[in-house]
Amino acid sequence: MKILNSKEKYGLISIIFHWLMALIIVVTFILGLNLKYNYQYYYEVLILHNSLGITILLLAIFRIAWKFINIKPSPLPNKKLLMKLATLTHILFYIFFFALPLSGYLLTNLQGDIVSFYGIDLPEILQSNNDFKYYTHIVHDLLGNILLVIFSLHVLGALYHHFVIRDNTLRRITFLKMKKN
C-alpha cells in the first residue's frame with residue numbers, strides 16, 4: 001500500500017483520514033444523543049463529545065490541506081449525475097465538518113459550560129445565554145441530523161457502487177485490491 005494517492009487509488013493517509021473521520025462521526029453522533037438522556041455522566045459524555053467534535057474540525061483542516069498537496073485519483077467512468085452527487089456530498093461534508101463543531105462550541109458556552117478538548121479547557125467565546133442557547137441547540141441538532149442523512153446516503157452510494165455497479169469506487173478508499181476492468 002502506498003502512502004500517497006495514485007491516479008488509480010487513494011493512499012494510506014487518505015484512507016486513514018476517511019475511515020477515522022467516519023468512525024469519529026458515528027461515535028460523536030451517538031454521544032450527542034446520549035447527552036439528552038444520561039444525566040449521571042453528563043459532563044464526562046459532554047467532554048468526550050466536544051473533544052471528538054473538535055477533532056473532526058482539526059481533521060477536516062488537515063484533510064483539506066492534504067487534498068491540496070496530494071493528487072486525487074482519476075474519476076471512474078460513471079454517469080455524470082452520480083459524479084455530481086458525489087461532488088455535492090463531499091462539499092456538504094466539509095461544510096458540516098466545520099459548522100457542527102463551531103455550533104457545538106457556541107452551544108456549550110451558551111449553556112454555561114466550558115469546552116474541554118481532552119481535558120484542556122478552551123477559551124469561552126460567548127457567555128451563558130438561555131435564549132440564544134435554545135436556538136443554537138436547535139441548529140446544532142438539525143445540522144447533526146442532516147449530517148447523519150448525508151453520511152447514510154454516502155454509505156448507501158458506496159454500497160451501490162460496490163454491489164450493483166460493481167466498480168472500484170469502494171475499493172479505492174479501502175485496503176481491498178482493485179478489480180481489473
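## The second largest pocket

In this predicted model, helices α1, α2, α3 and α4 each supply at least two residues of the lining of the second largest pocket, where helices are DSSP runs of H or I with at least four residues, numbered from the N terminus. A pocket is an open set of points on a 1 Å grid over the protein atoms alone, where a 1.4 Å probe fits, with protein on both sides within 12 Å along at least five of seven lines, and its lining residues have an atom within 4 Å of a point.

## The salt bridge

D141 also pairs with K36 in a salt bridge, with the closest N and O atoms 3.5 Å apart; the term requires a side-chain nitrogen of Lys or Arg within 4 Å of a carboxyl oxygen of Asp or Glu. The two residues are 105 apart in the chain, K36 lying in the loop between α1 (12-35) and α2 (42-69) and D141 in α4 (residues 130-165). A search of the whole structure finds 1 salt bridge.

## Contacts of F93

Leaving aside neighbours within four places in sequence, F93 is in contact (heavy atoms within 4.5 Å) with L147, I150, F151 and H154. H154 is also among the residues that lie nearest the centre of the largest pocket, which 47 residues line, and α3 gives the most to that lining, with 13 residues.

## Basis of the values

Residues are numbered from 1 along each chain as its sequence is written, and side-chain values use heavy atoms, leaving out hydrogens and water. Because the model is predicted, local features need pLDDT of at least 70 and side-chain atom pairs count only at pLDDT 80 or more, while totals for chains, interfaces and linings use all residues.
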